[in-house]
Amino acid sequence: MFKNIVLYDWDDITEVFSDLQYVTSSTKLIGYSGWQNLDDAIQDATIVYICDGVQTVPGMSDKSLIDKYSQNVRQAVMYCSELNPKAMLVIASNPVPCFVPMAIEEYKKSNVAGEKKIFGLARTYVSKANSIIGRHFNIDPSKVNCHVVGGIHRNTCIPVLSQIQQGTNIKRAENENLTRRIQEVEEDYLHDKMRVRNKKGCYLLAAYAGADFITSLGKAYNGDRNIVECAFVKQESPIDKYARYLTSLVKIGEEGIISCHLPKLSELEKSRLNLAKEDIIDSICTGENFVTGETRITAKHRPKIEKPKKIQTCQWSKPSSTDPCKQIEAPKTMKVPV
């Protein structure tokens, strides 16, 4: 499918390049490293895949991940917007809900419309959902197709269990349990990694999911008009009633995004999406503000303004010793001798 695959890293890539060049394939492998070679790596690419940045410990905040990886991701995005804006850009770097809006804002600064070209990778959660559901029902996970919507975070990624084949038979408690397991699988993995003190880690699922998604983009670029994937992308009406960016079903063509839509959601899934909306919008604003420099206070961090307490008022009435709001007559004027 691909004539060339270009590998790039800020540091030395000799180890990875040496390993991959012996994979049985007619695809030519090219390697670059160092900032001075980034333009050569990006030019003429059909698909650019950015995967710098992974969560290394449980509970890392968006701010911590942005502080650690934003410069590398933004630099790659800037080169893409200037040198190869026609390429489809896939961002797999965490936090995806921050970096996708950041990338589109960066494209705007270069007077490039990137909304139809930029994707946030959500395929990892689709793979996790399919595997967990397959094992739960004792069926082949490759036969499961569970869509995810919302964000790409714990508590914001909503698996659409109502639309899988077994969805109509899932009870409320079972639904809650499956959703929790799918949302927390990343944290569970990181806890396991911390227990064995494996600081380097192994991210084979991310590599598998990325390869799967890129294969779909390659098919779309070659003319297949039936490619639909879950991805975190810029939304239009009516989906943007939830948020300007969202994980949804995306139909992909040669030029990028053709259309977006949400699968049919149950009332429970709609309520989960509404609960996740605030965190998703907060991530979006964080990414946009990183480029624009604006300080927009999101609903999550907006201070709560208390309503003034109601002041008790009294209607005029005759004075009464039992009335707690009795009116006190003003003193009569007094003549003061001069």
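Me: Which elements each supply at least two residues of the lining of the second largest pocket?

Reply: Rolling a probe the size of a water molecule over the atoms shows where empty space is left. Here, α5 (123-136) and β8 (227-234) each give at least two residues to that lining. A pocket is an open set of points on a 1 Å grid over the protein atoms alone, where a 1.4 Å probe fits and protein lies on both sides within 12 Å along at least five of seven lines; lining residues have an atom within 4 Å of a point. Helices (H or I, at least four residues) and strands (E, at least two) are DSSP runs, numbered from the N terminus. The model is predicted: local features need pLDDT of at least 70, side-chain atom pairs count only at pLDDT 80 or more, and totals for chains, interfaces and linings use all residues. Residues are numbered from 1 along each chain as its sequence is written, and side-chain values use heavy atoms, with hydrogens and water left out.

Me: Which residues line the second largest pocket?

Reply: The lining is made of R123, V126, N130, N145, H147, S216, V228, E229, C230 and L249. By class, four are nonpolar, four polar and two charged. The second largest pocket holds about 200 Å³ of space.

Me: How many aromatic pairs are there?

Reply: A pair of aromatic rings is described by the distance of the centres and the angle of the planes. Rings of Phe, Tyr and Trp (its six-membered ring) pair if their centres lie within 6.5 Å; planes under 30 degrees apart are stacked, over 60 edge-to-face and the rest tilted. The count here is four aromatic pairs. In one of them, Y8 and W10 have ring centres 5.2 Å apart and planes at 80 degrees, so this pair is edge-to-face. Y8, W10 and W35 form one aromatic cluster.

Me: What is the arrangement of F119 and F213?

Reply: Their ring centres are 5.8 Å apart with planes at 70 degrees, so F119 and F213 are edge-to-face. Because F119 lies in strand β5 (residues 118-121) and F213 in helix α7 (residues 204-221), the pair ties together parts that are 94 residues apart in sequence.

Me: How many disulfides does the structure hold?

Reply: A disulfide is a pair of cysteine sulfur atoms within 2.5 Å. The structure holds zero. For C146, the nearest cysteine sulfur, in C230, is 8.2 Å away. The sulfur of C157 is 8.6 Å from its closest cysteine sulfur, also in C230, too far for a bond. C146 is buried, at 0% relative accessible area, and C157 is buried at 1%.

Technical notes:
Points joined across faces, edges and corners; volume = space filled by probe spheres on them. Nonpolar A, V, L, I, M, F, W, Y, C, P; charged D, E, K, R; others polar. Buried < 20%, exposed > 50% of the residue type's maximum accessible area, 1.4 Å probe, protein only.
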